[in-house]
Amino acid sequence: MVTRTESVTRRLREAVLGGAYVPGGRLNEMALAEAMQVSRTPVRAALGALFAEGLLDYEPNCGYVVRRLSLDEAVHIYTVRATLEGLAARLAAEIGLTDAARERFRETLDEMERLVAGDSWGDAEQQRWGDLNIAFHGQIIAACGNGYLANSIQRTRTLPLLTESGVRTFLAERAVVWWDRVAYRRSQDDHLDLGEAILARHGARAEAVMREHVERAGRLIGRKLANRSEAALALS
């Protein structure tokens with residue numbers, strides 16, 4: 001059963017990541033408790049949990065505020081994520097997938113390939129591919145057998161959402177909506193190489209492919225966000 005504190009933490013996390021509070025914006029404990037119709041105790045615990053996750057900062061004489069990341073910091077986080085997900089891929093390959101996990105893994109890869117190789121490539125196909133992309137990475141993380149590593153990776157996935165330049169309006173994994181089809185194809189080729197390495201239990205190869213895959217995504221997102229910021233400044 002989900003506790004009151006867990007429920008409040010989830011709701012507050014979703015609000016922060018969904019853009020309900022601007023970077024640098026203060027989160028008032030009493031106001032949040034009233035808005036959520038709960039006591040201040042679970043709100044206080046939730047604020048502490050989000051602070052521990054890196055989503056909030058604590059400022060003297062002000063309290064908790066939504067963390068503000070620069071574009072450079074957001075891109076640097078992708079470098080860390082590449083290292084962590086690379087390790088997860090290595091461990092998943094070396095440990096080996098269960099029969100059930102192998103079947104799900106192959107099914108995910110096959111559907112992603114059908115989408116990219118198909119004749120139609122509209123919003124629905126891109127959305128579905130994005131969902132499968134999240135599932136694909138999640139399956140690898142789940143197979144690594146290391147909960148501490150999985151938690152660390154999750155943190156690197158959420159922190160880049162807290163930049164001023166607008167990336168916080170969508171999940172980092174869904175940034176593929178900015179790519180053209182050639183970029184999707186390249187990303188899918190990475191997935192196929194990665195899947196082959198993991199299924200063959202080639203740990204070093206899996207780690208190398210995953211690291212380059214995530215680092216490339218970080219570079220692409222960095223360029224896109226920089227262009228977006230420059231456009232916003234030109235209009236201001």
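Okay, let's start with Phe-105, which touches Leu-97, Phe-136, Gln-139, Ile-140, Gly-195, Ile-198 and Leu-199, leaving out residues up to four places away in sequence. Contact here means heavy atoms within 4.5 Å.

Quick note on the source: this is a predicted model, where local features need pLDDT of at least 70, side-chain atom pairs count only at pLDDT 80 or more, and totals for chains, interfaces and linings use all residues. Residues are numbered from 1 along each chain as its sequence is written, and side-chain values use heavy atoms, with hydrogens and water left out.

So where does Phe-105 sit? Phe-105 is among the residues with the most contacts inside the largest nonpolar core, along with Ile-140, Leu-194 and Ile-198, and that core has 28 residues. By nonpolar core I mean a set of buried Ala, Val, Leu, Ile, Met, Phe, Trp, Tyr and Cys residues joined through side-chain atoms within 4.5 Å. Buried is under 20% relative accessible area, exposed is over 50%, and partly exposed is in between, with a 1.4 Å probe and protein chains only. Helices H4, H5, H6, H8 and H9 each give two or more residues to this core, and H5 has the largest share, 6 residues. Helices are DSSP runs of H or I, at least four residues, numbered from the N terminus.

There's also a second, separate core of 16 residues, including Leu-17, Met-36, Ala-46 and Leu-47.

On to the rings. They pair if their centres lie within 6.5 Å, using the six-membered ring for Trp; planes under 30 degrees apart are stacked, over 60 edge-to-face, and the rest tilted. That rule gives 5 aromatic pairs. In one of them, Trp-129 and Tyr-184 have centres 5.2 Å apart and planes at 85 degrees, so they are edge-to-face. Trp-129 is in H6 and Tyr-184 in H8, so this pair ties together parts 55 residues apart in sequence.

Last, charges. A salt bridge is a side-chain nitrogen of Lys or Arg within 4 Å of a carboxyl oxygen of Asp or Glu, and the count is 13. Which partner does Glu-113 have? Glu-113 bridges to Arg-185, with the closest N and O atoms 2.8 Å apart. That joins H5 to H8, 72 residues apart.

Asp-190 and Arg-216 meet too, at 2.4 Å, N to O. Asp-190 is buried at 10% relative accessible area, and Arg-216 is buried at 17%.
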